[in-house]
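Please look through the sequence and the model shown below before reading on. The paragraphs that follow begin with a single side chain and then widen to the whole chain.

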Amino acid sequence: MHEPPPRPPGAPPPARAGDVAPYVEDERPATLADIRSLRRWLAVAAVWAVAATALAVIALLEANKDNNGDQTRAAGELGRVQRQLNSRMDDLEARIGDLPTSDDVSKLDGRLKSVENSVDKSTTATDKLSGRVDDLEGRVDDLESRVEELESSSSDTTTSP
């Protein structure tokens, strides 16, 4: 029999049939395009749910065609299901309508940039003022030491007549 060549030390074992790659979680934040795509897929899923329910109701009606009493009951059930679906669709449309638009996101982004710029300017001004205050404190300390020197020298001159 033919043996495969030896693996170098530290190399991972060779892949076998049926092996699955490890799951790597993506830590990137959702983008506006991701949210739009999700919104579209939710609408598609809602449409499919309505279509599937309608097909199920039609199949139910066809199965009960022979029995008039069952048809009346099925018609009432169909009306109830349709009202529920309409209510759910209205709720979904209201929730989708309440989501922010791209204009809202753009405006919010502009406001955020404006605030960031203001903070940067305030930080720069604060740094400048802090430097000036430090300079003034140094000058005041120098003046205090000069005053003390002058007071000590004047007291020395007045005591020695």
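E148 counts as exposed, because its relative accessibility is 54% and the threshold for that class is over 50%. This glutamate is found in helix α3, which covers residues 102–159, and it takes part in a negative surface patch.

The model is a predicted one, and its chain contains three helices and zero strands, so that the order of elements, read along the sequence, is simply α-α-α. Of the 161 residues of the chain, 4% count as buried, while the chain as a whole exposes about 14,400 Å², of which carbon and sulfur atoms supply 58%.

Confidence should be kept in mind while reading these elements. The average pLDDT of the chain is 83, and 87% of the residues score at least 70. Confidence is highest in helix α1, residues 32–63, with a mean of 89, and lowest in helix α2, residues 68–98, where the mean is 84. Where pLDDT is low, the predicted coordinates should not be read in detail.

Helix α1 contains W48, a tryptophan that is exposed, because its relative accessible area is 62% and the exposed class begins over 50%. Together with W41 and V44, W48 makes a nonpolar surface patch of about 400 Å².

Charged side chains also pair with one another, and the structure holds two salt bridges. Which residue forms a salt bridge with E77? The partner is R80, and the closest N and O atoms of the pair are 2.1 Å apart. Both residues lie in helix α2, where a separation of three residues corresponds to about one turn of the helix. E77 is classed as partly exposed because its relative accessibility is 33%, and R80 falls into the partly exposed class because its value is 34%; the class lies between the limits of 20% and 50%.

The other salt bridge joins the side chains of D109 and K113, with an N to O distance of 3.5 Å. D109 and K113 are both placed in helix α3 and are four residues apart, again about one turn of the helix. D109 is partly exposed, since its relative accessible area is 37%, and K113 counts as partly exposed because its relative accessibility is 46%.

Key
Residues numbered from 1 in each chain as written. Predicted model: local features only at pLDDT ≥ 70, side-chain atom pairs only at ≥ 80, totals over all residues. Heavy atoms only, no water. Patch = residues over 30% accessible without salt bridge, like charges linked within 9 Å, V, L, I, M, F, W, Y side chains within 5 Å. Areas by Shrake-Rupley, 256 points an atom, 1.4 Å probe, with all protein chains shown as cover. Salt bridge = Lys/Arg side-chain N within 4 Å of Asp/Glu carboxyl O. Lys, Arg positive; Asp, Glu negative; His and termini not counted. Charge placed at Lys NZ, Arg CZ, Asp CG, Glu CD. Helix = DSSP H or I, 4+ residues; strand = E, 2+ residues; numbered from the N terminus. Buried < 20%, exposed > 50% of the residue type's maximum accessible area, 1.4 Å probe, protein only. pLDDT = per-residue confidence, 0-100.
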